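Here's a quick briefing to read with the model open in your viewer.

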Amino acid sequence: MNIQQLAEQLDSAAYHAQEMAQFDSEGKLSLEEAYAIQAASVQRRLARGERRTGVKMGFTSRAKMLQMGLNDVIWGRLTDAMQIEEGGMAQSHKFVHPRCEPELAFILKRPLEGNVTAPQALAAVEAIAPALEIIDSRYKNFRFSLPEVIADNASSSGFVIGPWGDPRQDFSNLGLTLNINGRVVNSGSTAALLGHPLRSLIAAARLASQAGEPLQAGWVVLAGGATAAEWIQPGDYVSVEMESLGSAGFHLAAGEKHV
């Protein structure tokens, strides 16, 4: 296995929004190798001028973890180029198999590193907000193993953040809906995120530190999908409505792919 070669393939597939063949269909790669590929792939984006702005958490549902045979969440890296303005346009030509899920977002006012307690994690939070994550897979026929998902930046491809709110409110069990073109397609609660979204932030601090990239002031942490992800199509308007925090949305516009 050549980590740099696989990172280049994944980076090219993401940049050009083109499918690529699986390289580990039986899931034989270790998770450490998968994260090494992810790190090298994202580093290529940074070399092109993108800037790290945070992390996203995945498999934050206990049921999903069990289904995947995991005892921990997975995570990916966010850059400034991935953020879409609230109410703005996401270009469909940038995605291969786009889906969307509602999330809770944190923004940090100070670094958060290592094994932290819930009060320590909360004390580092500047604000919380409703958010949407566009997840995408670059693999042909939407088939992939767990290491391949991790290598592919945990499928993270874009995100939208709504209005920032006071983190001192109780956000452990906020009702929410995922809507497409004004129709509710899924509903859930922030309690789906490890029982409390703060646990996802605690996991993010631990995992990012283990990777030598501790969470920084000003970084965003997406706490994980609060419902199942839904397929989205060009022309769709996708939004989340979250109890007490408000809404966020974006339009998925049609367009030509990179060549």
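Buried means under 20% relative accessible area, exposed means over 50%, and partly exposed is in between, using a 1.4 Å probe and protein chains only. Heads up that this is a predicted model, where local features need pLDDT of at least 70, side-chain atom pairs count only at pLDDT 80 or more, and totals for chains, interfaces and linings use all residues. Residues are numbered from 1 along each chain as its sequence is written, and side-chain values use heavy atoms, with hydrogens and water left out. Helices (H or I, at least four residues) and strands (E, at least two) are DSSP runs, numbered from the N terminus.

**Strand S1 and its partners**

- Seven of the seven residues of strand S1 (residues 52-58) are buried, so the rest of the structure largely encloses this strand.
- S1 pairs with strand S2 (residues 74-79) in the antiparallel sense, over six bridges; two strands count as paired if DSSP finds at least two bridges between them.
- S1 is also joined to strand S9 (residues 220-222), by three bridges, and those two run parallel.
- Val-55 is a handy place to look: Arg-77 stands opposite it in S2, and Val-221 is its bridge partner in S9.

**Strands S5 and S6**

- Six of the six residues of strand S6 (residues 156-161) are buried, so S6 is largely enclosed by the rest of the structure.
- Strand S5 (residues 125-135) runs antiparallel to S6, with five bridges between them.
- Within that pairing, Glu-133 sits opposite Phe-159 of S6.
- Val-125 belongs to S5 and is buried, at 2% relative accessibility.
- Leaving out residues up to four places away in sequence, Val-125 touches Phe-106, Ile-107, Leu-108, Lys-109, Pro-167 and Leu-201, where contact means heavy atoms within 4.5 Å.
- Val-125 and Gly-218 are 93 residues apart in sequence, with their C-alpha atoms 9.5 Å apart in space.

**The five-stranded sheet**

- Five strands make an open sheet with mixed pairing, in the order S3-S12-S11-S7-S8.
- At the edges are strand S3 (89-91) and strand S8 (183-189), each pairing on one side only.
- On average, neighbouring strands of this sheet are turned by 20° against each other, direction ignored.
- Inside the sheet, strand S7 (residues 175-180) and strand S11 (residues 237-242) run antiparallel and are joined by five bridges.
- Asn-179 faces Ser-239 of S11 across that pairing.

**Helices H1 and H2**

- The axes of helix H1 (residues 3-16) and helix H2 (residues 31-47) come within 8 Å and cross at roughly 55°. Axes here are lines fitted to C-alpha atoms, for helices over the stretch in contact, and angles run from 0 to 180 degrees between N-to-C directions.
- That makes H1 oblique to H2; angles under 35 degrees count as roughly parallel, over 145 as roughly antiparallel, 65 to 115 as roughly perpendicular and the rest as oblique.
- On the H1 side, the contact residues are Ile-3, Gln-4, Leu-6, Ala-7, Glu-8, Leu-10, Asp-11 and Ala-14, and H2 brings in Ala-36, Ile-37, Ala-40, Ser-41, Arg-44 and Arg-45.
- By type, the residues of this contact split into eight nonpolar, two polar and four charged. Ala, Val, Leu, Ile, Met, Phe, Trp, Tyr, Cys and Pro count as nonpolar, Asp, Glu, Lys and Arg as charged, and the others, Gly among them, as polar.

**Two buried helix residues**

- Ser-200 lies in helix H6 (residues 197-210) and counts as buried, at 0% relative accessibility.
- Not counting residues up to four places away in sequence, Ser-200 touches Met-57, Thr-60, Leu-194 and Ala-223.
- Ala-121, in helix H4 (residues 118-123), is buried with a relative accessible area of 0%.
- Beyond four places away in sequence, Ala-121 touches Leu-112, Val-116, Leu-198, Leu-201 and Ile-202.

**Positive phi in loops**

- Asn-141 has phi near 60°, a positive value in a residue other than glycine. Asn-141 sits in the loop between S5 and helix H5 (146-151) and is exposed, at 61% relative accessibility.
- Asn-181 isn't a glycine either, yet has a positive phi of about 55°. This residue is in the loop between S7 and S8 and is partly exposed, with a relative accessible area of 47%.
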